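This report is meant for a reader who is meeting the structure for the first time. Please keep the sequence and the model at hand while reading.

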Amino acid sequence: MLDAICELETEDHLTARTTYSVFKFQQLSDDDIERLRQWLICPACGGKAYFRKASKDGKAACFGSRYHQADCIEFKPSAQKSREEQDAIEVHQQLVDADALMIDFSRKPRRHSPANKVPTAPSASKTAPTSKSSSISESSAISESSPVPVASSMDAQVQESKTDYQVNTAACTTEKRVPSQGLEKLLHSLLRGTDLAKSDLWVYTDSERKYRWRAKNLFVNFADADPLDNKPHMYWGTISHTDPTMSWLNPADSKDIGIPIDGIKQSLLAQFEIEDKRCFEGAGLILFGKCFWNKEKTRKIIQLWNNDLQRIFISKLED
């Protein structure tokens with residue numbers, strides 16, 4: 001389990017319930033862990049739970065329970081839930097062990113649909129941009145104290161200002177290995193509550209390691225998207241629904257944001273094996289793009305960077 005509820009009785013004989021992720025709980029002081037660990041319960045069925053610290057041989061910290069109800073989802077988690085939790089643990093460990101992380105936009109997502117399933121839409125690989133130069137010229141650098149993006153050839157709807165950018169020349173010359181991660185596991189880690197979006201970890205957005213960001217400046221939940229920011233980000237969250245023509249995605253995290261996909265719809269549907277509108281509902285989403293107002297300034301628009309399908313990932317809910 002990645003989450004557990006701590007039930008404590010207050011001085012007024014009321015029950016105070018606090019939900020902890022395992023990532024937050026293990027950051028508590030040793031005294032607090034010892035004080036709270038006996039009051040943990042499963043968030044699904046209420047069975048008494050335990051906390052197990054990370055081991056010296058590399059096993060991650062976790063919650064667990066020997067008292068799950070037979071029908072508890074935590075007792076028999078779905079394959080998707082188990083994968084996402086393992087992804088979150090893997091990324092969290094990288095946050096702990098590494099000084100920096102590289103986003104591998106070209107990493108192919110895992111396929112979980114039946115092997116004999118054949119997508120009906122045309123292959124996305126023939127239409128998705130793969131230019132190596134675009135991954136460099138359209139990446140952005142953010143310094144810890146003064147975040148400033150590179151000017152880009154973004155869609156004509158975005159009016160770019162000409163600004164300087166900061167190049168990490170030290171990182172270009174170092175030979176130190178930087179671990180990489182694809183969008184799929186990064187999204188799952190964010191959805192499952194890791195500290196990635198709050199971390200000071202350096203994140204590189206190009207393979208040459210010229211452009212880097214603090215993770216806390218790069219990863220932005222849809223609810224916190226700011227059209228006045230004028231910088232690209234890795235926006236993430238979940239999808240509520242799409243319009244009748246499947247031309248716009250509407251995040252569940254914010255009611256005033258729209259993500260246009262009409263220009264890439266067929267390739268997007270093929271790449272993520274999306275057959276109908278229902279596939280979008282409740283799906284996780286991460287993309288590299290920019291946020292700006294529509295003409296009437298009544299709705300925020302998040303535009304995928306250069307409509308590059310390598311810079312977006314959709315994690316569908318499995319039936």
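This is a predicted model: local features need pLDDT of at least 70, side-chain atom pairs count only at pLDDT 80 or more; totals for chains, interfaces and linings use all residues.

Three strands make up an open sheet, in which they follow the order 2-1-3 and pair in the antiparallel sense. Strand 2, residues 15-21, and strand 3, residues 40-41, are at the edges with a single partner strand each, so one side of each has no neighbour in the sheet.

The antiparallel pairing of strand 1, which covers residues 3-9, with strand 2 runs over seven bridges. Within this pairing, Asp3 is found opposite Ser21 of strand 2.

## Helix 6 and His188

Helix 6 spans residues 183-191 and is mostly covered, seven of its nine residues being buried. These buried residues are Leu183, Glu184, Leu186, Leu187, His188, Ser189 and Leu190. After the helix comes Gly193, which has a positive phi, near 90 degrees.

His188 belongs to helix 6, and because its relative accessibility is 4%, where anything under 20% is taken as buried, His188 counts as buried. When neighbours within four places in sequence are left aside, the residues in contact with His188 are Glu84, Asp87, Ala88, Arg110 and Ser315.

## Aromatic pairs

A pair of aromatic rings is described by how far apart the centres are and by the angle between the planes. In this model the count comes to eight aromatic pairs. One of them joins Phe272 and Phe313, whose ring centres are 5.6 Å apart and whose planes stand at 80 degrees, so that the pair is edge-to-face, given that an angle over 60 degrees counts as such.

Phe272 is in the loop between helix 8 (265-271) and strand 14 (284-293), while Phe313 is in strand 16 (residues 312-315), so the pair ties together parts that lie 41 residues apart in sequence. Which side chains of this pair are buried or exposed? Phe272 is buried, with a relative accessible area of 5%, and Phe313 also counts as buried, at 7% relative accessibility.

Elsewhere in the model, Tyr20, Phe25, Phe51 and Phe63 together form one aromatic cluster.

The ring of Trp202 has the charged end of Arg212 sitting over it, at 3.8 Å from the ring centre. The charged end of Arg214 likewise sits over the ring of Trp202, and here too the distance from the centre is 3.8 Å.

Notes:
Residues are numbered from 1 along each chain as its sequence is written. Side-chain values use heavy atoms; hydrogens and water are left out. Buried means under 20% relative accessible area, exposed over 50%, partly exposed in between (1.4 Å probe, protein chains only). Helices (H or I, at least four residues) and strands (E, at least two) are DSSP runs, numbered from the N terminus. Two strands pair if DSSP finds at least two bridges between them. Rings of Phe, Tyr and Trp (its six-membered ring) pair if their centres lie within 6.5 Å; planes under 30 degrees apart count as stacked, over 60 as edge-to-face and the rest as tilted. A charge sits over a ring if NZ of Lys or CZ of Arg is within 6 Å of the ring centre and within 35 degrees of the ring normal. Contact means heavy atoms within 4.5 Å.
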